[in-house]
Amino acid sequence: MNENEPSLDTLLAQGGHFVDRETGAIVPPIHPATTFARDRRYELTGFGYSRSANPTGAEVEKVLARLEGAEDALVFASGLAGISTFFETVRAGERIVAPRVMYHGTADWLRRLAERRGVEVAFFDATAPGALEAAVEAGDTSVVWIEPLVNPTWDVIDVRAAAAAAHAAGAVLGVDATVTPAVTLRALDLGADVVFHSGTKYLAGHSDVMAGVLATRSAGERWEEMKLARTLTGGVLGAFEAWLLLRGMRTLHIRYERQAANANAIARHFEGHPGVEAVLYPGLESHPGHVVAKRQMTGGFGAMLSLLVPDGAEGAKRVATRTRLFVPATSLGGVESLIEHRASVEGPHSAVPANLLRLSVGIERADELIADLEQALG
Ligand SMILES: Cc1ncc(COP(=O)(O)O)c(C=O)c1O
C-alpha cells in the first residue's frame, strides 16, 4: 500500500475523506439526474447519461478502488449483474474453471452460459488437492473463478495458488470475495485479476440495498469490455443505492470484526456438541483449510459458518424453525443473524449436504446467539 494512503479502517470510516468543494459537506450528495448538460463547445463536462456512469456511483467506485488496491472499480444493480457482466467477456468455445460447490447463483449462471452460448465450464472439487490445477490444464482455459471460502461449506481455496495456475495457462483469475471483504482478504494483492463482491452483503451490511462490485488490478481490454457491457445491459447501480452502499461501508471494518468474533465463539461452542454432527468454520484449528485461511485472511476468519445436524433435511428445517433470534431467511452479511436450510433454496443442482444449516452471524451478543441455537437444537 502507498505510504500516503490511510489504513483501510481510516479510509472506510471517512468514506474516502469526501469534502464537497462548494458546501464543505463531508458526505457526498445523491445525484438522481439521469442526464447531464453539454457545455458551450458541445462537450460533456464529466457525465453524459446515468446508465453509463453517475456521480454518486463514481464516488463509491473511487473508495472501492482504493479499498481493493485496484486501478478501477464498477458498481452494479446487484451482485449477479456484476457476475454476468464479468462473464460477458468470455467467448463461445472458451473455457471457464470454477468450484463445484460455490454460490449457487453463479453456478446456475455458468450452466446457462454453457447451454446457450457454447462456453465450456469445468467444475472442480475444492476439497481435492491439485483439482483446480488439473481442471485448468485439461483444456484451453480463459477464466478461473473462485471463492476463497466456498459458499456454504466454507472449504478454503488458496488464492495465490489459483492465480499461479490461472496465469501459467494464460487465463485470468476472478475472485468472488463477498464473504471475505478487503478488511480480511485483499484478493488483488494475492494475485487475482478481478475481484467481485455482492455489495448486498458485508459492504452495505444492513440487508437494505442490492449492489454488485467489480474491481480490477489493471484496466485493459477485458475491463473496457465489462464497462461497455454494463452500459449496454443496463445493470448500473442507482444513485440512492450507491449512496447507501458508501454509507454502509463506513462501518465495514468494525461490523466485520464483531461478526467474526461472534462466529468464532459460536463455532467453538458447538464443536463437539452432542446436538451437532459437524461445525464447518475455517477459524477452527480442526478445519482442513485452517492454515491457508490463516495465511490469506489477515483480519479474522469471517462470520459465516455451517452446522451439519442429525436427521437430515427434516432435522435441519426443524432447527431453523425453532430459533428465536436467528431469523430464518436467506442472504448474509447483515448486522442481524440469519439461519438457513441451504439445500431448500439452492434447487435441483444443489451439491450441498441435506442436513446443512448456514449461519450468517450478526453483531448481536454472542452469548445470546449461542443460547438461541442451544434451545433450537433442543
Ligand atoms: C457469494 C455470493 N456471490 C454472489 C451473490 C449474488 O449477489 P446478489 O444477491 O447481490 O445478486 C451472493 C448472494 O447471495 C453471494 O452470497
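Predicted model: local features only at pLDDT ≥ 70, side-chain atom pairs only at ≥ 80, totals over all residues.
The open sheet has five strands in the order β8-β9-β12-β11-β10, and the pairing within it is mixed. At the edges stand β8 (278–280) and β10 (327–328), each of which has a single partner strand, so one side of each is left without a neighbour in the sheet.

| Strands | Sense | Bridges |
|---|---|---|
| β9 and β12 | antiparallel | five bridges |
| β11 and β12 | antiparallel | four bridges |
| β10 and β11 | parallel | two bridges |

Individual residues can be followed across these pairings. Leucine 307 has leucine 357 in β12 as its bridge partner, while glutamate 340 is bridged to arginine 358, which also belongs to β12. Proline 328, for its part, stands opposite isoleucine 339 of β11.

In a regular strand, side chains alternate between the two faces of the sheet. Strand β11 can be read with this in mind: Leu338 and Glu340 point one way, whereas Ile339 and His341 point the other way, and all of them are buried.

Helix α11, made of residues 312–322, lies across β10, β11 and β12, and it runs at about 155° to β11.

Most residues other than glycine have a negative phi, and most peptide bonds are trans.

The peptide bond that joins asparagine 151 and proline 152 is cis, with an omega of about 10°. Proline 152 is found in the loop between β4 (141–146) and α6 (159–168), and tryptophan 154 is likewise found in the loop between β4 and α6. Although tryptophan 154 is not a glycine, its phi is positive, at about 60°.

Histidine 17, which is not a glycine either, has a positive phi of about 55°, and this residue lies in the loop between α1 (8–13) and α2 (55–68).

Is tryptophan 154 buried or exposed? Tryptophan 154 counts as buried because it has 26 C-beta neighbours inside 10 Å, and a residue needs 20 or more to be called buried. Histidine 17, by contrast, counts as exposed because it has 12 such neighbours inside 10 Å, and the limit for an exposed residue is 12 or fewer.

Key
Residues numbered from 1 in each chain as written. Pairing = 2+ DSSP bridges. Contact = placed C-beta atoms within 7 Å. Axes fitted to C-alpha atoms, helices over the stretch in contact; angles between N-to-C directions.
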